[in-house]
Amino acid sequence: MPTVAELVADPDLGLALVAGGADADNEIEAAAVSELAHPGPWLQGGELLLTIGLLLPDDVDGCRSYLAELKDAGVRAVGLGLGGDLPHQAAPERLVVAADQVGIPLVTVPDPVPFIAVTKAVFAQRARAERRELEWALQTQRALTAAAVTPGGLLGILAAHREATGRTGVVIDLLGRILAESDPGGDVLAEELSGLLSSIRDRGLTAAAADITAGRRRELHALGARRLRGWLLIDGPAEMPVAPQITGDLVSLLSLELERRHGLNSSQRRGRAQVLDRLGRATVDDVVAARWLSSVGLSDTDLRAAAVAAPEDADDLAADLMITVPDALVRVVDDVVEVAVPLDIDLPAVLATLAASRPAGIGIGVRPGALVVSLRQARSALPASRLHGRHMHAEEVASSRLLLDSVGAQSLSAFADAVLGPVDAADRAADLLRALTAFLEHNGQWAQASAALGVHRHTMRSRIDAVEKLTGRRMDAAHDRHELWLALRARDAARMSAG
């Protein structure tokens, strides 16, 4: 858009800036003519208001109110027409003083220049400015396209955008790791925008946001074609012009590059799926496992497996895992995605980002040749994950507490009462149950169990003998001890479930 200063510099108009020079860089979007005392309601903002001052107030206060009202309406400058047959042959002092006080540019239009000439000049300069912007946009688009078809990849595209716009660009993956950055410090920008990213992450490919604070304009845009593949972060001074069409082109080209990488990974995915098939059949010698891993570009290191239920888009999730975790083995079996990664990769965090709402089981870390063990554990944890509504680790599934939690409180109480009922009905039942608990928790060690309760060993033996007679179970029988222990745990679980 032309500025006040650019219009004043036009020799064909002969305009003179007589007040408000501090705001001469105001951009003019249109020109309007009005002799109303209160023209504000008839304006849209961004205008150069032309007037001959027919109803101009007679004092400084009146002129100040008149100009303040115009400024509040969005008027960028006022042009006063001068002429021998017009009300004013020069800008009146009261108007000049008021314009400086209000902070709005005041220009004079000389006698031989009609208002229509000023109007035409405004729109002509506006058209030239728009043409320059269009030419710049086309040149920038060509530069971005050229960068996209050269081997530069993500970095080349970001560099071309940086050169054309002066704005920093950073591409991060779904885990927040930097894939490419036009300038150093991308990690700092990613950290500063992490909160904003969290607030829009669930919107998928439609996600976009801008933050304008502290003189900076920072933007976030989702990248990808059919699925979310990453994020674009843009940073630049707030006053720097922003071309939405250029940003849109940048998002499109970066998305295409990420999708191209996804396509290139297809053959790699097949090779790694075959290795996972072999390792998932049975335990093999570690030397053999290392050779298989090396054949697909992976190092010989301990692995951890996970199984994720993905009935609707298993292939897409597998592709996301391959792109996000370059060192992963991935395969799809029925509607389940199985993945194995080195132990130094935070597999729970990866799944929390890429499969947050899906049932998933996570196995233990194992040597490469024993990966089948971790895979079986991960598969076995899937039912528990569905039941509890969260990702489950093999260590959790192996806990007896989890097994008890999966049984209803009524069934647990029934079992506990059936086993412990005779003790509950005996004299000093509480003492007998405490003695039984201490004896079992201390693995049948009389001295330790007695010390834990603060009683003599003979007292402990007497109470345990009573429990044996009441329940009909012998402490020297592993099966009987287990049933008693399980009944105590079941009673605790039932109480917690009811509470």
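Trainee: How many residues does helix α12 have, and how far does α12 reach?

Mentor: Helix α12 (residues 371-388) has 18 residues and reaches 26 Å from first C-alpha to last. That is close to the 26 Å expected at 1.5 Å a residue, taken as 1.5 Å times one less than the number of residues. Helices here are DSSP runs of H or I, at least four residues, numbered from the N terminus. This is a predicted model: local features need pLDDT of at least 70, side-chain atom pairs count only at pLDDT 80 or more, and totals for chains, interfaces and linings use all residues. Residues are numbered from 1 along each chain as its sequence is written, and side-chain values use heavy atoms, with hydrogens and water left out.

Trainee: Where does α12 bend?

Mentor: At L382, by about 30 degrees. The bend is the angle between axes fitted to the seven residues ending there and the seven starting there. A proline, P383, follows within four residues.

Trainee: And what comes just after α12?

Mentor: G389, with a positive phi of about 70 degrees.

Trainee: Which α12 residues are buried?

Mentor: Among them are L371, V372, L375 and L382. Buried means under 20% relative accessible area, with a 1.4 Å probe and protein chains only.

Trainee: New topic. Which annotation covers residues 432-490?

Mentor: The unreviewed UniProt entry lists "domain: PucR C-terminal helix-turn-helix" there. Such annotations may be inferred rather than shown by experiment.

Trainee: What does the chain look like over residues 432-490?

Mentor: The chain there is 78% helix and 0% strand. The end C-alpha atoms are 17 Å apart.

Methods:
Helices (H or I, at least four residues) and strands (E, at least two) are DSSP runs, numbered from the N terminus. Buried means under 20% relative accessible area, exposed over 50%, partly exposed in between (1.4 Å probe, protein chains only).
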